[in-house]
Each structure stands twice: as C-alpha cells, then as structure tokens.
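Subject: Structure handover

Hello,

Please find the sequence and structure below. My notes on what was found follow them.

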Amino acid sequence: MPIYLHDIPLSTAIERLNSALAEAGLDKPLQTETIPLDVHALGRVLAAPIWAKISSPHYHASAMDGFAIRAHETNGALQTRPISLNYGPQTEYVDTGDPLPAWANAVIPIEDVEPLGEDGQPSETPRRPALIRVRAAVPPWSHVRPMGEDMVATQLVLPAGHVLRPVDLGAIAGCGHDSVEVAIPPRVAILPTGTELVPIGHPPEEGDIIEYNSLVLAAQVEEWGGEARRYPIIPDEYQAISARVREAAQAHDLILLNAGSSAGSEDYSARVVEELGQLLVHGVAVRPGHPVILGLINAGDRKVPIIGVPGYPVSTALTGEIFVEPLLARWMGRSPRQPVEVDADLTRKITSPAGDDDYLRVTVGQVGERTLAAPLSRGSGVITSLVRADGIVVVPRGSQGYPAGERVKVRLYRPPSEIQKTIFAIGSHDLTLDILAQFLTGHDRRLASANVGSLGGLVSLRRGEAHLAGAHLLDPESGQYNLPYVDQYLPDQPVLVMALVGRTQGLFLPKGNPKDIHGLSDLKREDILYVNRQRGAGTRLLLDYHLGQAGIDPEEVAGYEREEYTHLTAAAAVASGRADCGLGIEAAAHALDLDFIPLFNERYDLIIPKIHAESQLLAPLLTILEDPAFSRTIAQRPGYDVEVMGTVIGEL
C-alpha cells in the first residue's frame, strides 16, 4: 500500500529504498569506462585498483648533476691525498635523471670534484674534463636513485574507489599506465516543477519565485561526481509532469523531481510516481525536508530511482545530502562522504519536534578552551542559513531539544569534509596488506601502513601510534612466533594476536640462478653480494637465527649491512643486479619474475591492542579475515597458507 505523507523514520526510509534498489540490481557500482590518462581523469573515481606495471624509476638514475664512478676506485681518497680518475674509462658526466652507465655504481656531485685538464689545471670544459680529482671516498650507490625507489612493479599504487588527484595522475603515469578504468558518472535528471517559478535572470513579479533549486541540485550532483541535466521548468499540470518524468527515465540513472511533493491541490509528484512505477515512501521524519518521495520508475526493462525533493531551498539541499550523495557514491564505487565532527557547546536553548530528526544549522567558533555552536535561522526557505552555516547539529527523533550549554556534535561544512576512517598499521611488510587495503575500501575503511619492521611495529603499539602491527618474530629459545616479544614489549597492554597467513621465506635469485646459489651457506662466498632487510625486521632476525645455526658470522656475508625495507624492494635489488640474492617471501620473487629457493615456513600475525580490536573502526578488518573471497585472493599468490587466517594465537 503506498504511503502518502505518512512520515516514517529516516532509517526505515533508507532501508526501504535500499531493499528496492537491491531487488532492481541497483545497489552496486554502475558502468565503467577506460579513458586516457590526462587532465580529464582528474576527480574521476577508479573502478579498478592501479597496480604498478613498471618500477619507478625503471633504471638506476643519477640523483645529482655530477660524475658517475665505480665507488671502490675512490677508496682511500682524503683531503690531503686525493685520487684522480680519468674521464671515459673511470668516470662519465651525468645530469640528474640520466641513466647510470652500466659499469658505474655511484655519482659524485659536480661541486664535490675538481675537473682538471691534461695539464692538471682547472678544465675549461668542466663537464668533459681530462680527469677529476676526488678528495673523499664515496660509498656504493651514493647519489643514485635505484630502480624501484619510488614504486616497485606489481605493488598497489591506488585502490578502487579512489577519487583521482593531480599527484595520483603522475603516480599512475610513472608506474607505466597510459589509461585508467573509472566509473561512468551517473546521469541525473533534475526536473523543477511549479507554475509560480521563473528562470534565473527573469525579473520576478509578485507571486513569482526564481527557480534556483535545480541549480543547487545540479551543482551538488556534479560535485559528488554525477552528470546533471537541468530540464526547463514544468508547470503544475499532471500530464506535463508525467510526460517529462517518462522522458527523463529513458536516458538517466536517477530523477530528482523538485517540488510538488506535499499534499496540496497541485502537488502531483506522488501520483506521477504511482502511475509510472512504484511509490516506496512519501514522507520522512526529518526537519526540514519531511515531504520526501522515494520511488522507482519503470523504463522498459529497467527501473530508474526517483526522489521527490521538497521545494523549500534548505529542504532541497539537505535532501541531496541525505539521499542523493550516498546513492551516487554507491553507484561509483566510492565511500559516501562523511563530514568531520567536533564537539561543541550550544550557545542557547533549542526546541525540536519529538518525532523528527531535526537538522539544525549552526555557526561554530573557538572561544578560549571551548568550542561553541550558535544556532541559525531554522526556516526551511532560508537558504542563507546554509550559506552561513559552519555545520549541522542533528537532534535525534525522540528528543525535544537541548538546553543552552549542552555538548553536541557538529557535522562541519568548514573546513571541507574529511573521511576519518583510516586504520594505521606500522610494522612488518607483507604483500597481503596491499590486498587487505583493497578489500577494506569496500567496507568504507582505508589502510595506511608504514614498513618499519616487526620490532618497530611493537614499539609503535607501545607508544599508541598505531591500530595494529604485522609481525613474524621467531623467538630462538622457545621456537614461538611473536608471543614472547609481545610479552616483552607490551607487558601492560591487553593485546590480541591473530594469525593472518603462513608464508614461505627463501632466497631471491636472478632468473636462471647464474651464480649457482643453493642455500645460506653460499652467502659466505666472496663472489656473492647479499641484500638484507633493516634492523628489527622479522626477516633479518630469521636470517640471523639460521646463520647462527649454520655457524656463519654475519661479517662473512658481503652486503649484510645493505638494507631494504620491504620484500618487494629487496627483490627489486636482486632483479636490478644490485645484489645477487636476498631473503624474502616467495610472492615477492614471483612478482618480479625471480628464481626462488624456499627455505623456511613461518607465521605472519597481526598484533592488535584489544582497545582497537573491539572498536568499530577495525570491525570490518576482522570481518574480512572471515571472508572466503579474501582468503581465496591470498591463496592465489604463491607461498601463502591461509589455513591459519583469523586464528587467535593468544590474548595477552
């Protein structure tokens, strides 16, 4: 039975709309398209994640204007005992960004050398001298941007649902893409109705109203990523409104029918929706804006949602925020916009209708240590109240208002809204975190991670700087992973230790294993250059443990002090020839097409303080760990065991 001006709670109205959208197959992103990577991609919503095709830089690049050299040929250089290098066989000039000659492994800035001629005097051509004089030894890879310093091939650059910014376009181009798959902007028809309306720029006479609601709605739609079309004013004639709605439904994804949603003699919107489709809601318990209409229009073999928007300007704008923006967000695959909220004290008493959610416009100011909210005019026709407003206070249904001095939450309009749903992870790096980040975008969450190693992650948790840490710390005495270290570093903090994956660690090798490496014992060979992980990394502790078991002193391993901060960058060092081998996970070797010698199986855990584990912020993350689609995605990557995923290892 259609509901005609019978106010229902906002949550009920949204549930009714969502149920109808799901039944019509309209509860998910709509169409996508692939467009060239240019300025027109700015502001578009990614329909698919961006994975780096190539590393950036994709070659070893000079970081300075200077001279490429072999670092070992500067050994022993001092201010009082300089070393000279011949131009050509021993050094070559490079500008910033130039590829490093294949034989070079360092750059000396031009200001740190003395370009000399054949006679030993300063050269007249300092960039092509006969020789250069060097007065200090240069370490290998000084002033060089190694391949993959910025991005490593196969890493997640941007997740689906991300709204593209100028810097994102550069990152996408830099990692090898020339096009992007984006959501097609939903097409929104805006139909203003009312015999009393006159167009913008038309001098109004008595009784005339300048029609600008369609402008406000169109601007909102465009700001939120849709494609708006404003139709001409439709007079209050049933057949005219019906014909225009039928026409709009053929070429649009959403119809906004403005005005005519009340119960007056010329308010035809509800009747039109009933005639052409299904009337879901007529009346929502919100103020201003209660005569909202929600329905579906039949358009051949598809259904088109229609929202009857109240005619008063404030009601119009708030209806857009409440109903239109979340719907467009869903259709484009992005998260709905969430305003920043602050606590504030009301400057005066307010009263509200007990049965409605009351949207109160306020200005906000900082006075001493207090944040204050001053209520503005509440008339639904006073659009300047929205222009002046710094935010909105929602007085929930069931409440009759607040006294002066009441602490309330303000949804800010200024500064612009920011989504405050970031999960911050500090600790050990694993490729599953990139995949987890992608899945979290579908749960209105964002994962930001910093790769500081397992021990660094525990220290960050102790300082209250992170929501969780990834760790794979093997205790050599007990043979346990992580629990002894949690006891040591977080003795007074209740913690949940949850398994994410089992994984295989082994040696990265160039394709074909040209140096015939078979295991850790080969690291002692003088012709083998190793690349290590940073101090505190679980992989480095794992290496140290097994070197000790094998009786190998780290000082015997050439390159032991060369550190990388992720498995991918360590693999990139091997792939680029900067190292002959490195220890890491099999998935990283596969990603960069390296040979791999499996050596050890280990467990990678998430260390989560209980205060965060029990929070709403992390609830989606824990849900994802039980999602078969997530575990299947991880299992497709080589070297992972998902049988342990989500297992609680300990509660400390």
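**Strand β36 and its partners**

Strand β32 (residues 495-509) is joined to β36 by 14 bridges, and the two run antiparallel. Within this pairing, Arg 503 has Glu 602 in β36 as its bridge partner. Keep in mind throughout that this is a predicted model.

β36 also pairs with strand β31 (residues 469-471), in the antiparallel sense and over 3 bridges. Here the bridge partner of Gly 470 is Leu 606 of β36. If you are new to sheets, strands pair through backbone hydrogen bonds, and the pairing is either parallel or antiparallel.

An open sheet of 6 strands runs in the order β16-β13-β17-β21-β20-β18, and its pairing is mixed. At its edges are β16 (227-230) and β18 (277-282), each of which pairs on one side only. From one strand to the next, the twist averages 20 degrees.

Inside this sheet, β13 (residues 187-192) and β17 (residues 254-258) run parallel and are joined by 5 bridges.

Helix α3 (residues 213-223) lies across β13, β16, β17 and β21 (302-309), and runs at about 165 degrees to β16. Helix α5 (residues 269-276) packs on the sheet as well, where it touches β17, β18, β20 (293-299) and β21. The direction of α5 makes about 145 degrees with that of β18.

**The sheet of 3 strands**

Another open sheet has 3 strands in the order β5-β9-β8, with antiparallel pairing. Which strands stand at the edges of this sheet? They are β5 (83-86) and β8 (113-116); each has a single partner strand, so one side of each is left without a neighbour in the sheet. Neighbouring strands here are turned by 25 degrees against each other on average, with direction ignored.

β5 and β9 (residues 131-134) run antiparallel and are joined by 4 bridges. In that pairing, Leu 85 has Ile 132 of β9 as its bridge partner.

**Helix α1**

Helix α1 (residues 10-23) has 14 residues. From its first C-alpha to its last it reaches 20 Å, close to the 20 Å expected at 1.5 Å a residue.

Which residues of α1 are buried? They are Leu 10, Ala 13, Leu 17, Ala 20 and Leu 21. Seen down the axis of α1, these buried residues fall within an arc of 100 degrees, so they line one face of the helix. On the face of α1 turned away from the buried side are the exposed residues Glu 15 and Glu 23. After α1 comes Gly 25, whose phi is positive, near 75 degrees.

**Arg 540**

Arg 540 sits in helix α11 (residues 538-550). Why does Arg 540 count as buried? Its relative accessibility is 3%, and buried means under 20%. Leaving out residues up to four places away in sequence, Arg 540 touches Asn 532, Arg 533, Gln 534, Arg 535, Tyr 560, Glu 561 and Glu 563.

Regards

How values were computed. Residues are numbered from 1 along each chain as its sequence is written. This is a predicted model: local features need pLDDT of at least 70, side-chain atom pairs count only at pLDDT 80 or more; totals for chains, interfaces and linings use all residues. Side-chain values use heavy atoms; hydrogens and water are left out. Two strands pair if DSSP finds at least two bridges between them. Axes are lines fitted to C-alpha atoms, for helices over the stretch in contact, and angles run from 0 to 180 degrees between N-to-C directions. Contact means heavy atoms within 4.5 Å. The expected span of a helix is 1.5 Å times one less than its number of residues. Buried means under 20% relative accessible area, exposed over 50%, partly exposed in between (1.4 Å probe, protein chains only). The arc is that of the directions from the helix axis to the C-beta atoms.
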